[in-house]
Amino acid sequence: MSRYLKWTAGACVAVLILAADAFLLFLAADYLFPFPEASMHRKTAAVISDSRGRPLRFFLPEDNRWRFEVGLEDISPGLVEAVIASEDRWFRHHPGVNPLALVRAFYVNVRAGRVVSGASTIPMQRARMAEPKSRNVASKIKEAFRAFQLKWRYEDDELLEIYLNIAPYGGNIEGVAAASYFYFGKSPRVLSPAEIALLTALPRSPVAYDPTRNPGSALRERNKVLRQLAEIGVFTEEDAERYAGEPVPEKRRLQPFSAPHFSEYVYQKVSRGGGAQTTLDSSIQRIAGEIAARHIDNLRRDGIEHLAIVVIDNETRSLKALVGSADYFDKKSSGQVNLALARRSPGSALKPFLYAMAIDRGIVIPDTYVLDVPTDYSGYVAENYDGTYRGRITLRYALILSLNAPAVRLLAQVGLGEFHELLLKGGLATLDRPSGKYGLPLILGSGEVTLLDLTNLYATLASGGVHRPLRVIDDGVRNHDETRLFSPEAAFLTTDALTELKRPDMSSNTWALTRDVPEVAWKTGTSYGHRDAWSLGYSTRYTIGVWVGNPGGRGQKGISGGGHAAPILFDLFRGIEGDGARIAMPDGLNLGTIEVCRSSHMLPTPYCGQRDRVTYVKGVSRLKRDTYSKQIFVDKETGELLLGQCIGERPHEARTVTTYPAELVAWRMAEGKSVETMPPLSPLCKDVPSESPPRIVSPDRTTPYRVLNGMPSEYQRVELIARVAEEVNMLYWYQDGKLIASSKPYKRVFIPLEAGAHDLVVVDSSGRSDSVTYRVEKTGHVEVVGR
């Protein structure tokens with residue numbers, strides 16, 4: 001082997017050994033001084049967008065930097081080419097450091113006697129962003145090492161994408177996506193040559209070339225870059241000349257600020273990080289906002305400060321619109337509080353779910369007669385909105401008129417705990433106390449719900465009884481998490497009742513607003529103390545909820561769901577669906593019709609006279625046999641009731657009579673209404689003492705009662721006592737038309753003595769009654785003056 005070949009081979013071996021040693025040294029250093037990976041993926045600003053991807057609102061990360069993540073495929077190829085050509089033309093070929101550029105920079109800097117050229121590659125610039133330091137030889141060496149690490153760990157396109165997402169672009173703007181939006185109002189995918197040139201120049205000196213602070217410097221540098229890019233073939237000379245005349249942006253674009261309450265709600269749900277494309281329909285949101293603005297002045301004239309609106313798509317359970325208050329910027333009345341998420345009393349708005357549940361239990365059908373009379377539940381007596389009672393009424397009209405007394409009675413029958421559990425399954429998570437804490441008034445609003453949750457539960461009725469969680473993120477995945485709360489039949493029968501327009505809390509002016517309302521099912525609610533008013537309704541397509549009231553909980557006399565919330569609901573259906581809103585009749589319902597007695601709406605007996613046909617749920621509804629119509633025997637001569645053996649001892653005839661529940665009889669008698677009663681028992685029937693009516697024995701007609709001034713009222717009471725038949729298990733006492741007690745015959749009942757004349761009525765569990773009128777004087781005694 002010649003000496004030349006030996007030297008050549010030796011040199012190659014030496015180079016390989018040195019290269020291997022250098023590589024091993026690099027690996028050791030890489031292990032000992034790893035690259036700060038956390039700096040590679042900085043937290044971005046959250047972009048909340050509507051269902052079409054249009055931004056609604058931005059939220060800054062903790063470092064207050066506008067930074068939006070974007071993939072390389074969504075960045076203009078011209079910008080990518082320009083950055084590489086301008087900043088690091090050998091980017092795809094060097095290992096992180098460009099040796100030729102280093103030699104050139106060293107030579108230029110030595111000749112200039114100062115640093116005028118840095119030879120920084122894109123990886124070196126990225127390294128400097130990760131660990132900012134003063135510019136000196138030591139920092140350059142460290143940048144070079146970090147650049148090697150970056151090239152070792154990442155593919156070229158990955159590294160370029162990371163760089164373009166965090167490069168500084170002036171002020172608190174980082175990355176091409178944020179720069180494209182705030183300077184040009186567009187995506188980085190569709191940039192012009194002038195815009196590409198400016199974004200290429202800005203990272204070199206973000207302060208000096210910031211167009212909003214130094215527009216002259218920014219314009220000059222941009223045009224300089226335009227010419228340079230034309231010289232190396234990125235742009236044509238014609239493009240460079242033409243775009244050089246365009247001005248630079250001298251102010252930033254304003255960030256979007258649509259649906260602020262909704263955007264904040266979604267931002268909280270995504271854990272205050274990243275962004276989300278939501279289900280919000282901007283056109284429906286705009287309509288809802290306009291209608292809210294149109295109604296708020298009228299509401300405030302009535303002393304009502306705010307409102308909230310929710311619109312949900314029934315099929316997907318997508319939240320389409322949310323208005324959290326009348327004015328987000330109204331600090332005086334807490335406009336930034338999202339009232340659609342506030343815990344408020346729903347008033348009567350929970351009644352449809354109780355009625356649907358009772359239908360599914362087979363307890364009732366829409367035509368079941370229910371009692372609308374005052375009923376005492378351990379001291380609690382439910383009163384209706386209008387302060388009156390109707391005696392008895394069908395379940396359907398009890399719901400239409402939103403009567404409280406029948407609802408409380410039905411809840412006691414269905415079970416408070418079971419109903420509370422159903423509401424929790426339906427998403428009313430704010431009912432988070434034990435059911436006993438709410439008591440029977442739960443059906444009248446003793447609990448607290450949010451408008452958002454309640455509207456979604458109404459959407460369950462609209463969906464035939466199937467409950468689904470609310471969707472706010474449009475992830476393209478169909479919502480399969482569903483629970484059947486009600487049968488299709490119960491949902492339909494309840495919906496059918498709710499399509500009736502008339503409501504007890506609607507004024508004549510409100511009635512005028514319903515003339516052209518689309519065919520929707522709807523319900524109102526007004527909370528105790530006149531603090532909250534609700535109106536919720538649904539068509540086949542959408543469910544809408546409206547709340548009006550005062551954020552601080554201040555009551556307002558006269559506020560009502562029908563008078564204040566319902567007009568907004570109607571306007572929303574008009575605005576969103578126009579004449580297209582309908583309630584579709586479901587197919588395949590397991591419904592039928594059955595014959596019942598007209599007087600009782602119970603199954604006929606031989607003594608039932610007139611009859612009707614009513615709708616029921618096959619295999620579910622449990623209708624009882626009629627107990628109203630009875631056959632009795634009366635004395636032909638006296639008309640008195642005959643029972644037992646005395647029937648055969650006297651000339652008699654059969655007669656059919658109608659009797660009513662004892663509570664209804666008691667209420668009617670207390671109201672002074674006529675009541676059909678059984679004929680008196682013949683005195684010849686001495687073997688049937690149990691048929692005797694009750695007789696009031698206290699207050700005693702001969703005992704004086706004296707009311708003394710200064711004596712505590714608990715010591716000035718009178719006991720209510722009635723002599724009753726053995727089979728009687730309940731007594732109902734009314735005084736002056738009001739229920740004052742419901743008790744077992746053996747239970748002692750006292751009432752306070754009050755000056756004046758009082759009408760006292762007692763009715764036993766068989767519907768028999770007695771009454772007295774008594775008078776109490778402060779210095780006199782109780783005097784029985786009539787029976």
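Start by selecting Phe353: leaving aside neighbours within four places in sequence, Phe353 is in contact with Phe419, Leu422, Leu423, Leu454, Leu457, Tyr458, Leu461 and Phe486. Contact means heavy atoms within 4.5 Å. The model is predicted, so local features need pLDDT of at least 70 and side-chain atom pairs count only at pLDDT 80 or more, while totals for chains, interfaces and linings use all residues. Residues are numbered from 1 along each chain as its sequence is written, and side-chain values use heavy atoms, with hydrogens and water left out.

**The cores**

Next, select Leu319, Phe353, Phe419, Leu423, Ile443, Leu454 and Phe486, the residues with the most contacts inside the largest nonpolar core, which has 78 residues. Apart from that core lies another, of 49 residues, including Phe58, Trp66, Ala82 and Tyr169. A nonpolar core is a set of buried Ala, Val, Leu, Ile, Met, Phe, Trp, Tyr and Cys residues joined through side-chain atoms within 4.5 Å. Buried means under 20% relative accessible area, exposed over 50%, and partly exposed in between (1.4 Å probe, protein chains only).

**The whole protein**

Now show everything. The protein has 22 helices and 29 strands; these are DSSP runs numbered from the N terminus, with helices being H or I of at least four residues and strands E of at least two. Of its 787 residues, 51% count as buried. Among contacts with a separation of 6 or more, 66% come from residues 24 or more positions apart.

Select residues 488-498, helix α19. Because 9 of its 11 residues are buried, α19 is largely enclosed by the rest of the structure. Among the buried ones are Glu489, Phe492, Thr495 and Ala497.

Helices α13 and α19 pack at an angle of about 140°, with their axes 9 Å apart. That makes α13 oblique to α19. Axes are lines fitted to C-alpha atoms, for helices over the stretch in contact, and angles run from 0 to 180 degrees between N-to-C directions. Angles under 35 degrees count as roughly parallel, over 145 as roughly antiparallel, 65 to 115 as roughly perpendicular and the rest as oblique.

To see the contact, show Pro352, Tyr355, Ala356, Ile359 and Asp360 in α13, which meet Ala490, Leu493, Thr494 and Leu498 in α19. By class, this contact has 7 nonpolar, 1 polar and 1 charged residues. Here Ala, Val, Leu, Ile, Met, Phe, Trp, Tyr, Cys and Pro count as nonpolar, Asp, Glu, Lys and Arg as charged, and the others, Gly among them, as polar.

**Helices α2 and α6**

Move to α2 (residues 77-87) and α6 (residues 156-166), whose axes come within 12 Å and cross at roughly 95°. The two are therefore roughly perpendicular to each other. Val80, Val83 and Ile84 in α2 meet Leu160, Tyr163 and Leu164 in α6. This contact has 6 nonpolar residues, no polar and no charged.

Most residues other than glycine have a negative phi. Select Ser402, in the loop between α14 (395-400) and α15 (404-414): its phi is positive, near 55°. Ser402 counts as buried, at 9% relative accessibility.

Then go to His601, in the loop between β17 (591-597) and β18 (611-617). His601 also has a positive phi, of about 55°, and is buried with a relative accessible area of 12%.

End at Arg294 in helix α12 (residues 282-301), which counts as exposed at 52% relative accessibility. The C-alpha atoms of Arg294 and Ile568 are separated by 9.3 Å, although the two are 274 residues apart along the chain.
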